[in-house]
Amino acid sequence: MRGIFTPITKIRRQVFSEVAKFAFEHDIEGDDFGYFYESAYRIIPGEEPLYRDSVFKERAIIRERIRMAMGLPMRPTGTHQPLTEGMQDTADGKKRLDLPLVNVIPFACEKCPTDRIQVSDNCRKCLAHPCTAVCPVKAVSIGKNAAVIDQDKCIKCGRCITACPYHAILRFGRPCAEACGADAIDSDELGRAVINQEKCVACGLCIVTCPFAAISDKSEIFQVITAIRRGKRVAAIIAPSFVGQFGPLATPGKIVSGIRKLGLSHVIEVGWGADYGSMQEADEFIVHVPHDKKFLGTSCCPSWAMFARNVQPETSDCIALSHTPMVAAAKKVKELSPGTLVVFIGPCVAKKLEALEDEVRPYVDFVITYEELMGMFSAKEIELSDMEEDTLGTLASRDGRGYAVAGGVAEALVNSIKRRQPGREVPFMKADNLRDCHKMLRLAKAGKADGYLLEGMACPGGCVGGPGTLSLIPRAGSAVKAFAASSPYLSADDNPML
Amino acid sequence: MGKIVVEVCAGTHCTLMGSMDIIDAIASLPEIGHIEDGLNDIEVIPVPCRNHCKENMVGPIVYVEGEIIPQADQETVLAAIINKIRAQKV
């Protein structure tokens, strides 16, 4: 439900604030997590249900959300387990977050029917009834009051939908499955949605799409705040899409100030890491494409990169090898200030998964989203509009900052390649959802993208359309572009900090 | 007909609870200008926190022509604006 604030968003954010508040205020040496037994009553007060058929079920769902916001696994529904189990290990820093990252809360799922074509009340049982004529498998017949579709025969081609003059025939699908470009939504034995973790690339779009708020990822809010409160030095690296995410009065400088007020030592632009990545990928393109790599796929979106390797292993060597901007920026922090912990702040759920990979884990200690960060500001009562203007610890070029909007990565790379080889033509294709990414990969496999640069992104509009964002996509896109234009450097090659 | 001034709290708590979405919803109102006139004369101003949230009012807080709407959402704010516009016409 993008762009419309619904109870789905509200519940998610209330849980983040609840966990952040606890993390900031509880006795750090203590072991009392009893606060969380009250949480469900604060979020769902009173005796009447607010959203569903039962107030008890609503609170039960909140409890599992609280656990996941603490980075912990859901509890089994059929056996007893205390709400607070495992919380002490997290507080002691023994745990980050438990996989799987994205989960359907089974009893919150309303078992939406899977893909089916059905006739609605709009049907007039008309004389022409073109729906029957166009059906290739004789699945549509005219019943007593309306057209009837035999679900056993229907092959879901959708021709009747187009033919009906009254728009009476509809495709009914699971919103989660429609949002999932990796086809990772299956059904369990009770007909509830379940995520096929083999296929899931953690783009997180099902989380913000499910109209029953049945899907959630896990969070490291508590872990970050605990590290700060234990006196660890924690630096923030913030993704280029951060501009405009925290309200119209929160300028980039005030956001930096607010983050530092939370107790973080530095705020570094991941756009700088993007500049680093542009240089590497430009070199990789020049050296390898098209001689030993038919094309070059960008590597910055972890969902796309994982998806491309999963669905088409035969072209996986054509996905760029360079580190993602997140890793490049985190490495730099660790190099300049050994021992400092690094938290990546971004729009992205998939980065949480990337950060747990063996090669990445040493550099990125925590990942949180803008939504989670806003929950932290709210818990700590930090008013961003009251903050002084502060400056980012590094500067990124216009092109590096532009990575956040679909098309921006390709533009940055084309600019860097042309700097190295003036006059070289760099044809490119781009896609900003996984279904289109899949089409692009198939074209590439068929040899229709030889010598091309392929920009893949899992989220519509690019990173500004990520599931962890607060701003509407077009508004965020313009804010990012304006901020990019304010950089003194045009492209990565101009950035003296590299 | 005068301008309708809508102030939307852009404080931290209100932003977390969806005030940016309310701003965008108001901005989309002129799209239905062919059905309801007066929608082009709405001025939306994001305002800093006025501390009502610390006095037990729940955010987001929106002020339509000075009238305070606590726990605002798209639905209540759009209805309040249209009511003001219609009242002005009478």
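**Close-up 1. Helices α12 and α18 of chain A come within 11 Å of each other, axis to axis.** This view, like the others here, comes from a predicted model. Helix α12(A) covers residues 302-311, helix α18(A) covers residues 434-445, and their axes cross at roughly 50°. As for handedness, the two cross in a right-handed way.

**Close-up 2. Here are the residues where α12(A) and α18(A) touch.** On the α12(A) side, look for Trp304(A), Phe307(A), Ala308(A) and Val311(A). Their partners on α18(A) are Leu434(A), Cys437(A), His438(A) and Leu441(A). Sort this contact by class and you get seven nonpolar residues, one polar and no charged.

**Close-up 3. Helices α11 and α17 of chain A pack with their axes 9 Å apart.** Helix α11(A) runs through residues 270-288 and helix α17(A) through residues 408-420, and the angle between them is about 60°. That angle makes α11(A) oblique to α17(A). The crossing of α11(A) past α17(A) is right-handed.

**Close-up 4. Now zoom in on the contact between α11(A) and α17(A).** Helix α11(A) brings Ser278(A), Met279(A), Glu281(A), Ala282(A), Phe285(A) and Ile286(A) to the contact. From α17(A) come Ala412(A), Leu413(A), Ser416(A), Ile417(A) and Arg420(A). What classes do the residues in this contact of α11(A) with α17(A) belong to? Seven are nonpolar, two are polar and two are charged.

Methods: Residues are numbered from 1 along each chain as its sequence is written. Chains are lettered from A and ligands numbered from 1 in the order in which they are written. This is a predicted model: local features need pLDDT of at least 70, side-chain atom pairs count only at pLDDT 80 or more; totals for chains, interfaces and linings use all residues. Axes are lines fitted to C-alpha atoms, for helices over the stretch in contact, and angles run from 0 to 180 degrees between N-to-C directions. Helices (H or I, at least four residues) and strands (E, at least two) are DSSP runs, numbered from the N terminus. Angles under 35 degrees count as roughly parallel, over 145 as roughly antiparallel, 65 to 115 as roughly perpendicular and the rest as oblique. A crossing is left-handed if the near helix is turned anticlockwise from the far one by less than a right angle, and right-handed if clockwise. Two residues are in contact if their C-beta atoms, placed from the backbone, lie within 7 Å. Ala, Val, Leu, Ile, Met, Phe, Trp, Tyr, Cys and Pro count as nonpolar, Asp, Glu, Lys and Arg as charged, and the others, Gly among them, as polar.
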